[in-house]
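Please keep the sequence and the model in view while reading.

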Amino acid sequence: MKLELPKKWIRNLKTLDVAFQPIVNIHTGKIFAVEALLRNYKEVGFNSIFELFDTVYEDNLLYSFDLKLRKKALKKLITIDNQEEIKLFYNLDNRLLDMPNFKHGNTGKLLKHYGIGKNRICFEISERHEISNVSRMQEVLAHYKSEDFCIAIDDFGVGYSGYKLLYDSKPDIIKIDRFFLSDIQKDAKKKLMARSITHLAVQLGIKVIAEGIETKEELLTCRDIGCHFVQGYFIQRPTLLASEIAQEYPHVLNILNSEKRVTESACQIETFLDTTPPFSIDAEVKNVVEYFQKNPLTDTVTIVNSNNEPVGILQENKIKEFIYSPYGRSLLTNNGAKKSKLINLIEPCGITEINCNMSTIIELFSNNSESIGIILTNNSKYYGFLSARAIITIMSEQNIIHAREQNPLTKLPGNSMIEKLISEIIESEKTYILCYFDLDNFKAFNDVYGFRNGDRAIMLFADILRKNLPPEFFKGHIGGDDFFVAVESTKENEEKYTEALSKIVQKFEYDARELYSKEDKKKNYIISTDREGSKKRFPLLCVSASVLVVRSNASRRNADHINNILSLQKKVAKQESSHISISCLL
């Protein structure tokens, strides 16, 4: 059944236009895709895109209208410079299947007309819907997935179906909703939730887009929690001009290149990477069987699509189970049995970029007890496979290095890690809050109560740091009774962070009293020998904090100057009734 569009809608389509917003690789700044966004809807009399589509739906013209919009988007896509590898994200209305003229194959005809492969189209369906539409949404997802199109779920995390939809529909990509990503670097709860969503998706072999990113800080945080791609005003606003879509975005690349640890992680991974060539998803099962027979030391191969993008893995033991079944033996003798059968054997596997932070890769692997490894990509293309054995080896080496750099008593990072952090702070252009803690009257306590109780006092302070400072704080132990903490800051959270440091001072003074005898607590002092050998009264244990806010534009941002300020300020803090002194490096 074919429903022609009335002249009114044909005129409207001439006015309506498609804008593109780029989606870029969060590790390289290179373009991955563009999302098609409808524009000029107000010029044809509608207050919103939703109102426009509701009207078309009510007129029973939604499918016919949507096909015309697809044609508009595809026609503009091929005008982008070097567009051959750029995907198009196209938003679908969940109600398409309700239309009387809906049928298979129309998108394929359009793609053939414009010379565009199926692997370059990703149909995007929003998770913002009413409960009653969940089944309809799943039908739309199932339809386009059965036709081998890439499927993405938009606005993930704010709908009603949530993880059930993730389980049932098995999308290729999810977009984390902007709600979870707005100012994520300032909100520990949002960061935890976004990290959980991302890691679950990665373990299921699903790629993750951070959408609506508006600041550098949001970009870096999303990169650190494991997102693959990023979209938002910080990258580029939607544009009606295809000529404004770039192949890479230098401002993003410059920010990523400023993080030295990225390249260090990549070098470490390269040593352990298995770069065995992947199999195409179109390969015959018998070819994979023959490969395993000729390569007995190989037990896993990666499967990629026609665009060399990983879609999962095949394990030798799964192939064997398949072969030994009557169905499997029959399949191997059938020369025509190809892709559809191979798909049934593919297992999901975590996928991330070669430039991903090593700690994120380890976390992704560790969170899934059944994981056999992680697939690594380079600008979304297959690059290699990091096996479970390789990751465990890296983890072991890192643990040895970490143990060497820890303070043996408190297990907090020691001097080498503190010095490394200070170097990174000096080279960065961010604002940091630094704090030097020094336990007061520690020698007197140590002399009277002994070294074992002295260690108890140091362990008590280390424990207070761990439990009372947010996870974004770096906590280090310089040695003896000296500690160092640091945190990246903004004007909005500067007061909150300095208040947290002040509470550390107060809590230690309160808790340390329990290390003394009842008599000494009552007296509020102890008698001990000073450095000149004279007996004198010493107050009970407390701690002084020298706090320095290093502004992003500070002119004298060097180690000697920072250390001198903290050292001089420590003496000031000891004289203050609050035991804390705060200054700012501008």
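The sections below treat the basis of the model, its cores, an open sheet and selected helices.

## Basis of the report

The model is predicted: local features need pLDDT of at least 70 and side-chain atom pairs count only at pLDDT 80 or more, whereas totals for chains, interfaces and linings use all residues. Residues are numbered from 1 along each chain as its sequence is written, and side-chain values use heavy atoms, with hydrogens and water left out.

Helices (H or I, at least four residues) and strands (E, at least two) are DSSP runs numbered from the N terminus. A residue is buried at under 20% relative accessible area, exposed at over 50% and partly exposed in between, using a 1.4 Å probe and protein chains only.

## Nonpolar cores

A nonpolar core is a set of buried Ala, Val, Leu, Ile, Met, Phe, Trp, Tyr and Cys residues joined through side-chain atoms within 4.5 Å. The largest one comprises 77 residues, and L52 and F65 have the most contacts inside it. Helix α3 (residues 62–77) gives the most to this core, with 8 residues.

Apart from neighbours within four places in sequence, F65 is in contact (heavy atoms within 4.5 Å) with L5, W9, L13, L16, L52, F53 and V56. A second, separate core has 38 residues, among them L412, F442, V485 and A545.

## The open sheet

Five strands form an open sheet of mixed pairing, in the order β16-β17-β15-β20-β21. Because β16 and β21 (580–585) stand at the edges with a single partner strand each, one side of each has no neighbour in the sheet. From one strand to the next, the twist averages 20°.

Two strands pair if DSSP finds at least two bridges between them. β15 and β17 run antiparallel and are joined by 8 bridges; F437 has F483 in β17 as its bridge partner.

## Helix α20

Helix α20 (residues 451–468) has 18 residues and should span 26 Å at 1.5 Å a residue, which agrees with the 26 Å between its end C-alpha atoms. The expected span is 1.5 Å times one less than the number of residues.

The buried residues of α20 include N453, G454, F461 and L465. Among the elements that cover the buried residues of α20 are β15 (431–440), α19 (442–449) and α21 (491–512).

## Helix α9

In helix α9 (residues 216–225), 7 of the 10 residues are buried, so the helix is largely enclosed by the rest of the structure. These are E218, L219, L220, T221, C222, R223 and I225. After α9 comes G226, with a positive phi near 110°.

Notes:
Axes fitted to C-alpha atoms, helices over the stretch in contact; angles between N-to-C directions.
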